[in-house]
Amino acid sequence: RISDVEIGLKETRVGGAVEDLTRLGTFLRLYNHSDIHLVSPIPKTMQRDVEFLPCLRCGGFLDFLFAHKLWIGRGGSRSVVHRDDAENMNCLLAGRKSFALIHPRWRTMLEEHPNMEG
């Protein structure tokens, strides 16, 4: 089961959720032809199929992975400006992904206005 399918190519975290779309297969059939994207924990049945590079399987690194998120969009999608609580690892299968690193002094302003343009 999946969760958090949103309407639109920009994540807003303020609604616009697609109701009753809980199967990954259904989402995969729709997303290339729809303005929807998925941000969901990896379904438990898929977690055993996720493989890590050998350099990440040593030294206890995997003991510190607490959340597994799956983000799927058809391209042109954007996430809301946010601060993650922990270190992240991004694995991109196709396309491009850009990250903006923001100085901590702007944190309050960005958290108050996460959907602002620019």
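The following questions and answers go through a predicted model.

Colleague: What should I know about the numbering and the cut-offs?
Modeller: Residues count from 1 along each chain as its sequence is written, and side-chain values use heavy atoms, leaving out hydrogens and water. In this predicted model local features need pLDDT of at least 70 and side-chain atom pairs count only at pLDDT 80 or more, while totals for chains, interfaces and linings use all residues.

Colleague: Which element has the highest mean pLDDT?
Modeller: The predictor's confidence in each residue, pLDDT, runs from 0 to 100, and the protein chain averages 80. Among the elements, which are DSSP runs (helices H or I of at least four residues, strands E of at least two), helix H3 (residues 107–112) has the lowest mean, 81, and the highest, 90, belongs to H1.

Colleague: Which strands stand at the edges of the sheet?
Modeller: The open sheet has 3 strands in the order E1-E2-E3 with antiparallel pairing, where pairing requires at least two DSSP bridges between two strands. Because each edge strand has a single partner, one side of it is left without a neighbour in the sheet, and these strands are E1 (5–7) and E3 (69–72).

Colleague: What is the bridge partner of Ile7 in E2?
Modeller: E1 and strand E2 (residues 36–41) pair in the antiparallel sense over 3 bridges. In E2, the partner of Ile7 is Ile36.

Colleague: How many residues make up the largest nonpolar core?
Modeller: Such a core joins buried (under 20% relative accessible area, 1.4 Å probe, protein chains only) Ala, Val, Leu, Ile, Met, Phe, Trp, Tyr and Cys residues through side-chain atoms within 4.5 Å. Its members include Ile2, Phe27 and Leu70, and the total is 11 residues.

Terms used. Buried means under 20% relative accessible area, exposed over 50%, partly exposed in between (1.4 Å probe, protein chains only).
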